[in-house]
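Please look over the sequence and the model, then read the notes below.

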Amino acid sequence: MPDLETLPRLRVDKWLWFCRIVKTRSLASGLIKGGRVRMNGERVASPSRAVAADDVLTVTLDREIKVLKVIAMPERRGPYEEAR
């Protein structure tokens, strides 16, 4: 099992933007600061918190709740079809 310090990590606001959950990083930051994002069952307090593979994010949007499991870190923000 790899050491937790060597796993690739990404800011949670950037991950939400990369995976096209929100249109901008500032919207992601607003969701996080509003208490609408949880990581592994705990409220995310800061947009700079790191997310890694195997984390589970619960995001409350306007009309839906999304439960997302992080499989890997994205290398770039690609097209929607790739992000799905």
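Val 70 is buried, because its relative accessibility is 0%, under the 20% limit. The model is predicted. Val 70 lies in the loop between β6 and α3 (80-83).

**Around Val 70**
- The C-alpha atoms of Val 70 and Asp 55 are separated by 5.4 Å, although the two residues are 15 apart along the chain.
- Apart from neighbours within four places in sequence, Val 70 is in contact with Trp 15, Val 51, Ala 52, Ala 53, Asp 54, Asp 55 and Leu 57.
- One of these partners, Trp 15, has a contact list of its own beyond four places in sequence: Leu 10, Val 51, Leu 57, Leu 68, Val 70, Ala 72, Met 73 and Pro 74.

**The nonpolar core**
- The largest nonpolar core has 21 residues, and those that touch the most other members are Trp 15, Leu 16, Val 37, Val 51, Leu 57 and Val 59.
- At least two residues of this core come from each of α1, α2, β2 and β5.
- The element that gives the most to this core is α1, with 4 residues.
- As a general background, nonpolar side chains in soluble globular proteins tend to be buried together.

**The sheet**
- Four strands form an open sheet with antiparallel pairing, in the order β3-β2-β5-β6.
- At its edges are β3 (42-43) and β6 (65-69), each of which pairs on one side only.
- Strands β2 (residues 37-39) and β5 (residues 56-60) run antiparallel and are joined by 3 bridges.
- Val 37 has Val 59 in β5 as its bridge partner, and both residues are among the core members that touch the most others.

**Helix α2**
- Which residues of α2 are buried? They are Ala 28, Ser 29, Leu 31 and Ile 32.
- These residues lie on the same side of α2, because they cover an arc of only 160° around the axis.
- Residues three or four places apart in an α-helix point the same way, because there are 3.6 residues a turn.
- Ser 26 and Lys 33 are exposed on the other side of α2.
- The packing partners of the buried residues of α2 are α1, β2, β3 and β5.
- Just after α2 comes Gly 35, with a positive phi of about 80°.

**Asp 13 in helix α1**
- Asp 13 is found in helix α1.
- Is Asp 13 buried or exposed? Asp 13 counts as buried because its relative accessibility is 3%, under the 20% limit.
- Leaving out neighbours within four places in sequence, the residues in contact with Asp 13 are Arg 25, Ala 28, Ser 29, Ile 32 and Pro 47.

**Positive phi at residues other than glycine**
- Most residues other than glycine have a negative phi.
- Arg 20 is not a glycine, yet has a positive phi of about 60°.
- The position of Arg 20 is in the loop between α1 (12-18) and α2 (25-33).
- Arg 20 is partly exposed, because its relative accessibility of 32% falls between the 20% and 50% limits.
- Asp 54 also is not a glycine and has a positive phi, of about 80°.
- Asp 54 sits in the loop between β4 (50-52) and β5.
- Asp 54 counts as exposed because its relative accessible area is 56%, over the 50% limit.
- Asp 54 is also one of the residues in contact with Val 70.

Notes
Residues are numbered from 1 along each chain as its sequence is written. This is a predicted model: local features need pLDDT of at least 70, side-chain atom pairs count only at pLDDT 80 or more; totals for chains, interfaces and linings use all residues. Side-chain values use heavy atoms; hydrogens and water are left out. Two strands pair if DSSP finds at least two bridges between them. Buried means under 20% relative accessible area, exposed over 50%, partly exposed in between (1.4 Å probe, protein chains only). Contact means heavy atoms within 4.5 Å. The arc is that of the directions from the helix axis to the C-beta atoms. A nonpolar core is a set of buried Ala, Val, Leu, Ile, Met, Phe, Trp, Tyr and Cys residues joined through side-chain atoms within 4.5 Å.
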